[in-house]
Amino acid sequence: MEVAHGPDLPQFTTKDGSSVRELAHPRSSAAAALSVAEAVVAAGAQTDEHLHRSSEEVYIFISGRGRMRLGAEEAEVQAGDAVVIPAGTPHKLWAADSGPLVLLCACCPPYSDEDTVLTGG
């Protein structure tokens with residue numbers, strides 16, 4: 001059995017500017033067709049708007065509060081919420097000033113920088 005212990009995993013910054021730890025990805029785990037990462041958007045910070053050409057994504061918010069744009073819609077998000085992001089749909093996050101916004105990001109096919117397009121929005 002493979003157990004990914006988040007605090008021991010390396011942290012890096014993705015193309016959208018969020019801080020990420022990969023919990024499962026084909027390049028580093030037994031996962032074959034998806035990836036799951038923990039992402040953190042610092043208090044008062046935002047990600048760059050972006051889309052994934054091929055990957056469908058699900059954001060599952062595990063702590064904090066913030067706002068999300070998905071296409072032309074915006075909504076408040078908080079721990080316990082989940083948002084499905086269809087491939088090709090621009091999206092962006094803002095964390096509230098009160099603390100970081102922490103979420104799990106599941107992608108199928110797996111996340112890659114090459115599949116990520118910054119949209120400038």
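Among contacts in the chain between residues at least 6 apart in sequence, what percentage join residues at least 24 apart? The figure is 65%, with contact meaning heavy atoms within 4.5 Å. Keep in mind that this is a predicted model, where local features need pLDDT of at least 70, side-chain atom pairs count only at pLDDT 80 or more, and totals for chains, interfaces and linings use all residues. Residues are numbered from 1 along each chain as its sequence is written, and side-chain values use heavy atoms, with hydrogens and water left out.

**Fold and dimensions**
- You'll find 11 strands and zero helices here; strands are DSSP runs of E with at least two residues, helices runs of H or I with at least four, both numbered from the N terminus.
- The radius of gyration, taken over C-alpha atoms, is 13 Å, close to the 14 Å from the globule rule for 121 residues, so the chain is as compact as a globular protein of that length. That rule is 2.2 Å times the number of residues to the power 0.38.
- The C-alpha trace spans about 40 × 30 × 20 Å along its principal axes.

**Core**
- Buried residues (under 20% relative accessible area, 1.4 Å probe, protein chains only) account for 36% of the 121.
- The largest nonpolar core has 15 residues, and Y59, F61, M68, L93, L101 and L103 touch the most other members. Such a core is a set of buried Ala, Val, Leu, Ile, Met, Phe, Trp, Tyr and Cys residues joined through side-chain atoms within 4.5 Å.

Key
Buried means under 20% relative accessible area, exposed over 50%, partly exposed in between (1.4 Å probe, protein chains only).
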